[in-house]
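Welcome! Open your viewer, get your selection tool ready, and follow along one stop at a time.

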Amino acid sequence: MIQESDTPLQLPVLDVSQPLNQSSLLSLAAACRELGFFQIINHGISKDLYNKMYSLANKLFCLPSKSKLKLGLKTYTPHFIASPFFESLRVSGPEFGASAQSSADVLLEEHDSEFSEVLQEYGSKVTELSKSILKFVLMTLGDGFETKYYHSEFKNCHGYLRINNYTPPEDLEEEEAEGLGMHTDMSCLTIVYQDEIGGLQVRSKDGKWMNILPCEGTLVVNIGDMLQAWSNERLRSSEHRVVLMKLMNRFSLAFFWCFEDEKVILAPDEVVGLENTRSYKPFLCLDYLKFRESNEKGRFEKVGFTVKDFAGVVGITILKSQS
Ligand SMILES: O=C(O)CCC(=O)C(=O)O
Ligand SMILES: [Fe+2]
C-alpha cells in the first residue's frame, strides 16, 4: 500500500514569455530553494503538438514487446524495470529527429517520417525552453548571474526526452499502484508534460508527499541533482514519484537538460557565498551517471544513492578555490 497523500500543492507559476519581475523572481527563488518544483505557462508547446506526440508514441507502445525490445535497453525501458506498469522510450538530442527516426525504422515496417518530424519540433522547442528557464533560475542565485555563468558553465548542456507510458492492469486489487518509484532526477533541469490523469507527487523537506495536479497549458519544471550540486544546495533536487490512482493509462513527456559528460561540477565561489563552505567535492558528471547506473536496478533513474552520497562532503571542510 502506498503511503497516502492528500496534500494539494500550489506551485508558483512562471510566465516564461515575460521578463522576470521582482515578485516572480522572489517566488521562483523560494520554489527552487524549498521544493525544487515550479510550473510554467506561455511556453510555446501547443496542445496540438502534444496530442500529435501522444498519438504517434502510442502507436509505437502498442507494438508487441518483442518488437520494442529490438531497440535495446538504452532506448527502450520495458515493463518491470522501473515498475511493472511503466515503459519508456528515449529520444536523444540535439538531433531529436534523427534519433526518433532510427527507432521508427526499427519498429515500423514501412518508412515513416512523421514521428521523427514531430520529435524534432518538440525537442527543439523544449531545448530553447530549457535555456531560458535555466537563465531565470540562475537569476535567483544572484544579480547578473545569468550572464556571468550561463556561457561559462552551461553552454555545452544537452537534452534528451523520455516518452513515458503507464499502464496499470484493470484487475489490480489495490486502489492505487506505484507507476514510478521515488527518485531524484540526475539532470540540471527537467521539464514534464503530464496528461490530465495526474499522479506526479513531490516529497517535501519534512517527508510529506504532495500531489502536483495537472493543469491545462502548464508544464512542470524541477531542479535535478546536477544543479543541486553546482549551486551548493541553494537549489533543491527533490524526491518525486508517480502514483497511479485511478488505475487509468497515463502518458508523460519528461525532458532532461543536463551538463555534458566531461563537465566537472564545482560550485563557483560566488555561488557558495563567503560565509558558507562547499557541500560537494568536485566531480565529473559522467562518474556520477555511472554511479547511478551501477546502483540502480535496470539502469533507470530510480534512486538508491543520491548525488549527496556520491560527492557530498561529510564532516570535512573543503577550502574554496583560490581564483
Ligand atoms: O511521468 C511523470 O510525470 C514524471 C516522470 C519522471 O519523474 C521521470 O521520468 O523522471
Ligand atoms: Fe523524475
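Before we start, one term: a residue is called buried when its relative accessible area is under 20%, and exposed when that value is over 50%, with partly exposed in between. Keep in mind, too, that this is a predicted model.

**Stop 1**

Select Y288 and F310. Their rings form a tilted aromatic pair, with 5.5 Å from centre to centre and 40° between the planes. The two partners come from distant parts of the chain: Y288 belongs to helix 9 (residues 285-295) and F310 to helix 10 (residues 307-311), 22 residues apart. Is Y288 buried or exposed? Its relative accessible area is 1%, so Y288 is buried. F310 has 22% relative accessibility and therefore counts as partly exposed.

**Stop 2: the iron site**

Now show the iron ion, ligand 2, and its surroundings. Which residues coordinate the iron ion? They are H183 and H240, each through NE2, and D185 through OD, at 2.1 to 2.2 Å. Along the chain these donors follow the spacing H-x1-D-x54-H. Check the surface around two of them: H183 counts as buried because its relative accessibility is 4%, and D185, at 3%, is buried as well.

**Stop 3**

Next, colour the Phe, Tyr and Trp side chains. The model has 16 aromatic pairs. One of them joins Y50 and F251 edge-to-face, with centres 6.1 Å apart and 65° between the planes. This pair, too, links distant parts of the chain, since Y50 lies in helix 2 (residues 47-61) and F251 in strand 13 (residues 250-258), 201 residues apart. Both Y50 and F251 are buried. Then select F145, Y149, F154, W230 and F259 together: these residues form one aromatic cluster.

**Stop 4: charges over rings**

Where does R90 lie? Turn the view and you will find R90 over the face of Y160, 3.7 Å from the ring centre. For another example, pick R241 and W209: the charged end of R241 sits over the W209 ring, at 4.0 Å from its centre.

**Stop 5: a pocket**

Finish at the second largest pocket, which has a volume of about 220 Å³. To find the pocket, select Q228, E233, R236, S237 and K308, the lining residues nearest its centre. In total, 13 residues line this pocket. What kinds of residues make up the lining? Seven are charged, five are polar and one is nonpolar.

Key. Residues are numbered from 1 along each chain as its sequence is written. Chains are lettered from A and ligands numbered from 1 in the order in which they are written. This is a predicted model: local features need pLDDT of at least 70, side-chain atom pairs count only at pLDDT 80 or more; totals for chains, interfaces and linings use all residues. Side-chain values use heavy atoms; hydrogens and water are left out. On a 1 Å grid over the protein atoms alone, a cavity is a set of points where a 1.4 Å probe fits but cannot get out, and a pocket is an open set with protein on both sides within 12 Å along at least five of seven lines; lining residues have an atom within 4 Å of a point. Grid points are joined across faces, edges and corners, and a volume is the space filled by probe spheres set on the points. Ala, Val, Leu, Ile, Met, Phe, Trp, Tyr, Cys and Pro count as nonpolar, Asp, Glu, Lys and Arg as charged, and the others, Gly among them, as polar. Donors are N, O and S atoms within 2.8 Å of the metal (3.2 Å for Na, K and Ca); water is not among the atoms, so sites may look incomplete. Buried means under 20% relative accessible area, exposed over 50%, partly exposed in between (1.4 Å probe, protein chains only). Rings of Phe, Tyr and Trp (its six-membered ring) pair if their centres lie within 6.5 Å; planes under 30 degrees apart count as stacked, over 60 as edge-to-face and the rest as tilted. Helices (H or I, at least four residues) and strands (E, at least two) are DSSP runs, numbered from the N terminus. A charge sits over a ring if NZ of Lys or CZ of Arg is within 6 Å of the ring centre and within 35 degrees of the ring normal.
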